[in-house]
Amino acid sequence: MHRVWAIIERDLRRFRRSPTLIVVSMVMPLVQLVVLGYAFGGQIKHLRLGVVDQDHAVPAVQLREMFQAVAANARTFDTVGYSDLATALGDLRNGRISGVLNIPPRFSRRLLAGESPRVALAEDNTDQFSSAALQGALTALLGAYQQKTPAPRLAAAPTLSVVEIYPYVPYIQYLLPGTIVLAIFVSAMIGGGIIFIDDKARGLHEGYLVTPVHKFELILGFNLAGAAKAVIAGMVMVTCGSLIAGIPDPLSPVRLVQMFILVVVTALALISMMFLLVVRVNDPLVPRAVFGVLNTMLFFPSGAVYPINAFPEWMKVIAKVDPFTYAVHGFKELLLKNTGLAAIGFDLFYLGAFTVVVMAAATALFRRTL
Amino acid sequence: MTASPPAIEVERLTKCFGDFCAVDALSFTVNCGEVFGLLGPNGAGKSTLIRMLTTLVPPTSGTARVNGFDVARAPNDVRQSIGVIPQAMTSDLDLSAEENLSIFAKFYGIPREQRRRTITALLEAVDLTAWRDKPVKNFSGGMRRRLEIARGLVHEPRIFFLDEPTTGLDPVSRVSVWEMLSRLKRERDLTILVTTHYMDEADKLCDRIAIVDHGKLKALDSPLKLKASIPGRNVIEVSFTSVPAGWADTLRALPEVAEVKAEDHVFRLASQNGPRTTVELMEAARRAGIGIASLSVQSTTLDDVFVHYTGHQLRDALQSAAVYRISHLRERR
């Protein structure tokens, strides 16, 4: 065992003296969290909505006043008045406004006659997020408008009351679990995979192989050293990330212990995967070419940035075997729901089993000769 | 006096990569306490041989015993009893000199107190005491090599393998490395197997030399005996402005000439008496009306021994190997 410690000691001493590696594996994911979190997370505001009133009667004026109220309060959109539809549509095509709401002639008359008049929304659907926000705001607004008018005597329609069981989760918090796993992955990739191949290419391994170090001691040493670095990166991300994203009670000791367990299990799973990938590679260029693609292949299908239910079938298969998926799920439970370890039992089991299987394969492939 | 068992015994050791045999049925024995040199150009199979003996590469066939242990059957016993300095610099740049030695001492399971004492003594022996806590990335090539030699000795092995320990070092560092090796050998009663392509080093420091070319053993003896084994005591290298037919026979007939070899218009004459042959040679050239373009006379060196046994000069072989390597790199790009 002292030989295993010697390998770990050597690796951690080197790690301490490579500030670049520390910065890359810890600060980069934090930057990513902040930039992505705020780039995607914010509420959409100040979309320019053209309003063409071809009716001019009192109900139409009331409707326009409601639009202005939205513009003043929720600020989802600002209204721009148009006198004719053709000019408004022209501006929509030219990108000066995001949508055109047309109140047709005879709108008021049909409304008062008890018919269901329609207002039309022409929208720029190239930006799905903006058009969805616009549609959502206008649908809600028209719903509210309808309640103001005397309802015809109809059978009571069922309505949906939504109860949110957790506090509102901003996107930056939703992104945090994925970012923690990404920090562990980046650290495992650089501190495990790339360093392993570089050391091999520089002949450092040759120095080890002529000593009486056993094959298993080498494998254990390399992987525990890589995992230790990944755990450090993961825990830095857990604490700093929670503080930045505004997770409630981020430094609760019980939760930190639970997080530590999940970070360790995740680090072991990812470092063993990395070891399997590089165990027979000698060319230092290979990981640089492969790891970018690998990152995309594992991170995005994991549900870290978008729900898995939205994926096509083939991508769901990747999500099913991807250790990222289980790690991300585990961190979501602990961070966003504060569930405790019982709720992530299967995640821990999968990551543990993944480590054992992958490590066994890597051990079988590892050669103690050149 | 009973003879001690040999430190290294190699019997028909072979390593083939596909159709190409890097080491081809080599057999030799290295006695305890001797400095044994493997001499040959790049690609001769020296490194493959040393890698087989140090358990890094499994042999295709044949056997090798190091310190009495079979390299294939008891590799861990072999590893425990040898120190190895690979050709590439393998010390850790981010660690200090002491840390480099300490990590390796731990690989050999040396207890803490002994480790401290050994490291102090070794750093003193390789003249790096003042650099004990300095990171290796600030070391010169010669210092790194000396540190690696110390690293190979942390577990006090009796057999020491060095693969081209002075390649890439400046002349001053080369001398200091070899002086240090001679001292360590004396003080620690080491058996040393070293590969080199520097003839002068091999000549001065090795008790016996094996000349290896294309994976085969061409000659094996002490430097003195090797030099005596080839014809002549002097070598005359001469080139002429023109060469008439039968000129080589004329040269061969000169007094004291033992052998004549022609290579690209340069004639190499092995002579028992260099000055006398030179005078006669010049006279013969004058009579035949041939001008002498260049001429040199020198004592027989290991280079001549190498030429005699392999049929080509070591420096040519090195050059062609270098050309091959560079073009190979270009192809890869």
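**Domains, helix packing and chain contact in the predicted model**

In the predicted model examined here, A:Ala132 is found in helix α6 of chain A, which covers residues 128-148. Within 10 Å of this residue there are 13 other C-beta atoms, and A:Ala132 is therefore partly exposed, since a residue would need 20 or more such neighbours to be buried and 12 or fewer to be exposed. A separation of 9.9 Å lies between the C-alpha atoms of A:Ala132 and A:Ile44, although these two residues are 88 residues apart along the chain.

On the scale of the whole chain, the domain assignment divides chain A into domain 1, made up of residues 2-40 together with 170-365, and domain 2, which comprises residues 44-146. The centres of domain 1 of chain A and domain 2 of chain A, taken over C-alpha atoms, are separated by 49 Å.

The packing of two helices was then considered. Two packed helices are described by the angle between their axes and by the distance between those axes. For helix α7 of chain A (residues 171-201) and helix α11 of chain A (residues 285-299), the angle is about 160 degrees and the axes are 12 Å apart. Because angles over 145 degrees count as roughly antiparallel, α7(A) and α11(A) are described as roughly antiparallel to each other, and their crossing is right-handed. On the side of α7(A), the contact is formed by A:Gly178, A:Leu182, A:Met189, A:Gly193, A:Ile194 and A:Ile197, while α11(A) contributes A:Pro287, A:Phe291 and A:Phe299.

Between the two chains, the contact draws 23 residues from chain B and 20 residues from chain A. On the side of chain B that touches chain A, the elements giving two or more residues are α2 (75-81) and α3 (97-107) of chain B, and of these α3(B) gives the most, with 5 residues. The residues on this side of chain B consist of 11 nonpolar, 6 polar and 6 charged.

A further helix of chain B, α11 (residues 302-310), has 7 of its 9 residues buried, so this helix is largely enclosed by the rest of the structure. The buried residues in α11(B) are B:Leu302, B:Asp304, B:Val305, B:Phe306, B:Val307, B:His308 and B:Thr310. Following α11(B) is B:Gly311, for which phi is positive, near 85 degrees.

Key. Residues are numbered from 1 along each chain as its sequence is written. Chains are lettered from A and ligands numbered from 1 in the order in which they are written. This is a predicted model: local features need pLDDT of at least 70, side-chain atom pairs count only at pLDDT 80 or more; totals for chains, interfaces and linings use all residues. Domain bounds come from an automatic or database domain assignment. Axes are lines fitted to C-alpha atoms, for helices over the stretch in contact, and angles run from 0 to 180 degrees between N-to-C directions. Helices (H or I, at least four residues) and strands (E, at least two) are DSSP runs, numbered from the N terminus. Angles under 35 degrees count as roughly parallel, over 145 as roughly antiparallel, 65 to 115 as roughly perpendicular and the rest as oblique. A crossing is left-handed if the near helix is turned anticlockwise from the far one by less than a right angle, and right-handed if clockwise. Two residues are in contact if their C-beta atoms, placed from the backbone, lie within 7 Å. Ala, Val, Leu, Ile, Met, Phe, Trp, Tyr, Cys and Pro count as nonpolar, Asp, Glu, Lys and Arg as charged, and the others, Gly among them, as polar.
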